[in-house]
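Open the model in a viewer and keep the selection tool at hand. The stops below go from a side chain to a sheet and the helices on it.

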Amino acid sequence: MELEVRHLRLLCAVAESGSLTRAATVLGMSQPALSAQLQRIERFLGGALFVRDRTGVLPTPLGRLVLTKASAVVPTVDELIRASLRATQGGTRRHHFRLGSINTPLLSGLVGALRELHPGCEISTRQESSIQALLDHVSDGRLEAATVGYNPGYEFPARPGVVVRPVVLEPIFVLLPSTHRLADRSEVDLAELADEDWVLAPPDEDQTRQYFAAISGYPMRVRHEASGRLLVELVRSGCGIALAQPTIDEVPGTVVRPLAGSPLFFQHAISWHRDSALAPGESLLADRVAAAYETAVTRNAAYPEWRAKNQAT
């Protein structure tokens, strides 16, 4: 292998987070994939870069040396990308970026990243319920970029010219009425939900039903189809329970709980056309969006607690 900037970004992410699990979340990778990549980097550099302790991971003396150099190189490369983008814009051209999104915490990060990379750009946004529709819009030029996502193993077919860049892999939690029999638990076992009624987004929006059945071993008994605020209201009124992003706001009358063993995950991603003005800065764009995601993790108490519990693994 050859050492690349993306490898330096990985090392910096591990050092900054102090945890392989948290770094994998920020980088949009699974923890096994990150560990395997880290091992390849360590073999290339000739020694261990991190050691584990009870609080997470710490750099070795070799690791501190490498990180000192990496922390100087990565910002320099980022500035090179920004300068190149400014130069290709000729200083006067104003880009107009049309963005699409599913219900995701990534959109605000994408808007902020574009404003940083393309000063003076114009941005408009639209929400879609269908990930497939968003990818089609990016492919045919009706959108410059979109925040999308999928369950691991249930990726959508590639569209012509469309790049899909994973950003954050997050656990799926469950949303319960505060009066639910399991609401006082710190985590909920998936097997205990076999007889529950569910509130779920319409089946054309994603492949959650198939993914859930494959992992849980039983089908969801969906009584209500809804998304967004209506989904939350149906759960709060006791009509059923729902799967939830861990960054969901815990509104009065509901509780957000992690699933024991974290059996379910959702991969957040951003997509753009490979010929668009976004392509030259794709790595920096993904990094900025992942960093912005971190501002959403404290919307309820359950997610920070889950991360603290899993940060040393």
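This is a predicted model: local features need pLDDT of at least 70, side-chain atom pairs count only at pLDDT 80 or more; totals for chains, interfaces and linings use all residues.

Select E196 and R181: their side chains make a polar contact at 2.8 Å (a pair of N or O atoms within 3.5 Å; within protein, one must be able to donate a hydrogen and the other to accept it, and residues adjacent in sequence count only if both atoms are side-chain atoms). Residues are numbered from 1 along each chain as its sequence is written, and side-chain values use heavy atoms, with hydrogens and water left out.

E196 sits in the loop between β7 (173–177) and β8 (197–200); strands (E, at least two residues) and helices (H or I, at least four) are DSSP runs numbered from the N terminus. Is E196 buried or exposed? E196 has a relative accessible area of 11% and is therefore buried (under 20%, with a 1.4 Å probe and protein chains only).

Next, show the open five-stranded sheet, ordered β4-β3-β5-β12-β6 with mixed pairing (strands pair if DSSP finds at least two bridges between them). β6 runs antiparallel to β12 (residues 265–273) over nine bridges; select V162 and its bridge partner H273 in β12.

Finally, select helix α6 (residues 131–139), which lies across β3, β4, β5, β6 and β12. Helix α6 runs at about 145° to β5 (axes are lines fitted to C-alpha atoms, for helices over the stretch in contact, meaning heavy atoms within 4.5 Å, and angles run from 0 to 180 degrees between N-to-C directions).

Technical notes
Buried means under 20% relative accessible area, exposed over 50%, partly exposed in between (1.4 Å probe, protein chains only).
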